[in-house]
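Colleague: I would like to learn how to read a model like this one, feature by feature. Please give me the general idea each time, and then the case at hand.

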Amino acid sequence: MTNRPTTAPENGPEAVRVERPVVEFLRMYVRNWAAVAGFIVFSAIVFAALFAPVILAVDPFDMVWMPFTPPGQDGYILGTDNLGRDMFTAIVYGARATLVVGGSAAGLTIVIGLTIGSLAGYYRGWVDEVLMRITEFFQVLPPLLLAMVLVALFEPTLPTVAIAIGVVTWTGVARLARAEFMRIRELEFVKAARSIGSRDRRIIWRVILPNALPPLIVNAALTVGIAILFEAALSFLGLSDPNVMSWGKIIGDNRDYLLDAPWTVTIPGVAIFLTVLAVSLIGDGLNDAFNPRLRER
Amino acid sequence: MTLHDNPRSPSASPEACLDTAMHAVDNKSATFEDAGGSGANVQRLNPGLAADPVIWAEPKTHREEKMKKFLVALTSAAVALTAAAASAEEPKRGGTLTFSYRIIAGHFNPTIASGTPTGIPGTQLFAALLRFDDEWNPKPYLAESWDISDDGLTVTVKLRDNARFHDGKPITSEDVKFSIETYQEHHPFKPMYAPVKSIDTPDPLTAVFNLSDPHPAILLAFSSQLGVVIPKHVYGNTDNIRQHPQNSQDIVGSGPFKLKEFKPGEYIILERNEDYFLEGKPYIDRIVYKKISENTSRVIALEKGDVDLTAFESDAPVLDRLKKNEHLTLTPDGYSAIGPLEWLAFNTKRKPFDDKRVRQAVAYAIDKEFILKVLYGGYAQRSLGPIHPGSVFAPKDVNPYDYDVEKAKALLDEAGYTPDADGIRIRTTLDYIPAGGTWKRKTEFVKAQLKKVGIDVTIKASADFRAWIKTVSNHEFDMTMDSVFNWGDPVIGVHRTYQSTNIRPGVPWHNTQQFQNAEVDAVMDRAGKELDRDKRAALYGEMQKLVVDEAPIAYLHTSPYHTVFNHERIGNPPVDSIWGVCSPWDEVYIR
């Protein structure tokens, strides 16, 4: 965190207690109990996803028992699905695909959005015009439909799905980054950097970007949630890799049996809900911690 | 062109739709709806039917109870059907019959396209030379009588003298000659009329077919949508009949109904032909053929009484729901000629499936009972070989490849595919028809099953129906789920899948397995020229034993097609023929 306008007191009896930015950030974050809860839930999900093969050394596609065994019966705590696959295993392994797709799609969103937004906001003029018209083009396309077309054009595999989601969700980040860059490029310290002869690349990367990051990080967290929902929607429509277990796929596979075996749809639904909620709460907490205007609250 | 783009289209009849969609391209009037459909619905699967002793050993009492309920439901449906048939009341004249199908064709000329969307209205508009009852016996239709010479090389057909086209012109042997020649030139089923060398027309009511070889399926080819008669004076005036505007509008037909109105992609209205050559028929005034792609909408329309008749219903949840309705009757009758089969095909030119033992191992490793009971809710029938169980040539005494994991493993060992450190013997891929949930579920089920014997399967999802057709017809697959129709006679719909001469990359549903077996070729050759039904049956028996043993295909089951009708409204539903709804509805009446 460079350029943060903090003034360290030299000396004196009533020295102001000074925090390092990280500590200050954590203190602000912890104050938001909901964000802490979100972090705990999300960590648990990530842990389950990372160590799935260690926790459960089985294939989630194995048919282990009678189809539609209700939760709790015969030792299957979450029951079985329409082919007799263990729902618990499917949920644990499904977390992997769901998080990988959600995370990489969000990463892609940030990369595309930040690149386009920063260039447009920094250079303005015709660069801005061109890039923003492109952004608008993507904005007016119905996102789910475009993602479906992209997945259908190529083979439905995890990378394709992640790319399709990234391609349809970057516009918000681009507009946000553009606005931040436009605002910050007029501030004194940027002018100062320019006056000592810094090149554009340095100003964009080292001067403006660190100051523009906080709202973008908050946005990225929210994008993870959006990407997870997109993945679920695509899987629900049957547009996902049939060789990889994901939560959306579980719902899509079992949606025809909703009335007879509601748990096969509701359990992965709850998992998606909890993850997206956790991610949103984390985003909220980050916002609080980053936003100076909320600090005095 | 887009065939079956809708990833949620029903597990319906890809083959039935294909020609329609292809023709739609010819006509430049393609709409995506031509081949659409949807499978959204409420599944009511009965968990009790999943009583597979291999996977779950513990008996459950509620399971038996549910099985009992299911059997009772089946019986009561059968009783309802017999009751409807038994009430021998006088057919009434008048009334409108509303039929609904998930697809509407771009045209209704059966001489240039196969496919049921063309065939169902096509057989109402155009009369064929013959019709068939439900036991494969030919009956007079446009032809009054017919005779096959002793050497089987001459077929003489006498036409009835009172038959007229919808424009009033008499139907003559010239028209018959013209129609069959159109089939020869334009219809996708090339072997159907291939032996017909020439057609003589000694007088206006006599047509003589000169054959190069005896043709056992010639009479069957004269029936339903495979042998309709179209007017030469209307359709003979163009170089390219495929582009003829009267294929879809102002149709001059020969059948019991005339075309009143056709709104592409939406509906067809047919009206009674007052000058129909069969006295007093048809009974109904009007047929409304409505396209309803969405399963749920079609079910509701049937339940409300807005629709009286539907066909090719195949989704277990739909059938379960309709079965509960006391006004409706479900019947699997009327599909034996079409003979729809679903199977798992191997690319016999690729490793490891170039080894017969590996193919047999896969066949043993799949639990067919589970597929029938759980995935298809008991509506599909087991199929054991190349020919549909409803055919007179249905396979007998062939190896059924009953579920046997140990045998599968032993065969793989024998073939030299031993397990590696992870227990995997073979890594391979499996394609499937992207046409609805049941296909996908079946594919995932097979993946899980093959894992048990050490075959690691990666499922390949095709983006759309056309992509799948392309992959399979160009032999770019290891294994694939497939659905192929028998089309009445083995000569027409079965030989094509096994003849070594019919490996034609790019053409849908050729011998995509690239199966080559001289013995099978020879037997089929003889069976294809044999006129005696019993001798043919013996030959096809032999052929099927050979093929089933070679296992270029793991045979799974029939497509669970059902015709559904409102028995309180409809008398004589079109199910008493091997052709079902693809036969003339001139005896159907409204109560």
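Modeller: Start with the elements: helices (H or I, at least four residues) and strands (E, at least two) are DSSP runs, numbered from the N terminus. On that basis chain A has eleven helices and zero strands. Bear in mind throughout that this is a predicted model.

Colleague: How many helices and strands are there in chain B?

Modeller: Chain B has 17 helices and 20 strands.

Colleague: What scores does the model have?

Modeller: The ipTM is 0.72 and the pTM is 0.74. For single residues, look at pLDDT, the predictor's confidence in each residue, from 0 to 100. Chain B averages 83, and 85% of its residues score at least 70.

Colleague: Let us take chain A. What are its spans along the principal axes?

Modeller: The C-alpha trace of chain A spans about 75 × 55 × 30 Å. Of its 297 residues, 45% count as buried. Among contacts between residues at least 6 apart in sequence, 67% join residues at least 24 apart.

Colleague: How should I read the side chains of a helix?

Modeller: An α-helix has 3.6 residues a turn, so residues three or four places apart point the same way. In helix H6 of chain A, residues 143–153, the buried residues are Ala147(A), Leu150(A), Val151(A) and Ala152(A).

Colleague: Which helices do the buried residues of H6(A) pack against?

Modeller: They pack against H7 and helix H9 (200–236) of chain A.

Colleague: At what angle do helix H4 and helix H7 of chain A cross?

Modeller: The axes of H4(A), residues 87–123, and H7(A), residues 158–184, cross at roughly 35° and come within 5 Å. The crossing is right-handed. The residues of this contact divide into 24 nonpolar, eight polar and three charged.

Colleague: Now the sheets of chain B. What holds strands together in general?

Modeller: Strands of a sheet pair through backbone hydrogen bonds, either parallel or antiparallel. In chain B, four strands form an open sheet in the order S4-S5-S7-S6, with antiparallel pairing. S4 and strand S6 (196–203) of chain B are the edge strands, each pairing on one side only. From one strand to the next the twist averages 20°.

Colleague: Which residues are bridge partners across these strands?

Modeller: Strand S4 of chain B, residues 143–148, is joined to S5(B) by five bridges, and Ser145(B) has Lys158(B) as its partner. S5(B) pairs with strand S7 (residues 206–211) of chain B over five bridges, and there Thr156(B) is partnered by Val208(B). Five bridges also join S6(B) to S7(B), with Val196(B) opposite Leu211(B).

Colleague: How many residues lie between S4(B) and S5(B) in their hairpin?

Modeller: Five residues lie between them, and Gly152(B) in the turn has a positive phi of about 75°.

Colleague: Which side chains of strand S5 of chain B are buried?

Modeller: Along S5(B), residues 154–159, the side chains alternate. Helix H4 of chain B, residues 173–186, lies across S5, S6 and S7 of chain B and runs at about 170° to S6(B).

Colleague: What is the order of the strands in the seven-stranded open sheet of chain B?

Modeller: The order is S8-S9-S10-S1-S11-S18-S12, and the pairing is mixed. Strand S8 (257–263) and strand S12 (328–331) of chain B stand at the edges with a single partner strand each, so one side of each has no neighbour in the sheet. S12(B) pairs with strand S18 (residues 562–566) of chain B in the antiparallel sense over four bridges. In that pair, Leu328(B) has Asn566(B) as its bridge partner.

Colleague: Last, is Thr118(B) buried or exposed?

Modeller: A residue is buried if 20 or more other C-beta atoms lie within 10 Å of its own. Thr118(B) has 27 within that distance, so Thr118(B) is buried. Its place is in helix H3 (residues 116–125) of chain B. Thr118(B) and Gln225(B) are 107 residues apart in sequence, yet 8.4 Å apart in space, C-alpha to C-alpha.

Conventions
Residues are numbered from 1 along each chain as its sequence is written. Chains are lettered from A and ligands numbered from 1 in the order in which they are written. This is a predicted model: local features need pLDDT of at least 70, side-chain atom pairs count only at pLDDT 80 or more; totals for chains, interfaces and linings use all residues. A residue is buried if 20 or more other C-beta atoms lie within 10 Å of its own, exposed if 12 or fewer, and partly exposed in between; C-beta atoms are placed from the backbone. Two strands pair if DSSP finds at least two bridges between them. Axes are lines fitted to C-alpha atoms, for helices over the stretch in contact, and angles run from 0 to 180 degrees between N-to-C directions. A crossing is left-handed if the near helix is turned anticlockwise from the far one by less than a right angle, and right-handed if clockwise. Ala, Val, Leu, Ile, Met, Phe, Trp, Tyr, Cys and Pro count as nonpolar, Asp, Glu, Lys and Arg as charged, and the others, Gly among them, as polar. Two residues are in contact if their C-beta atoms, placed from the backbone, lie within 7 Å.
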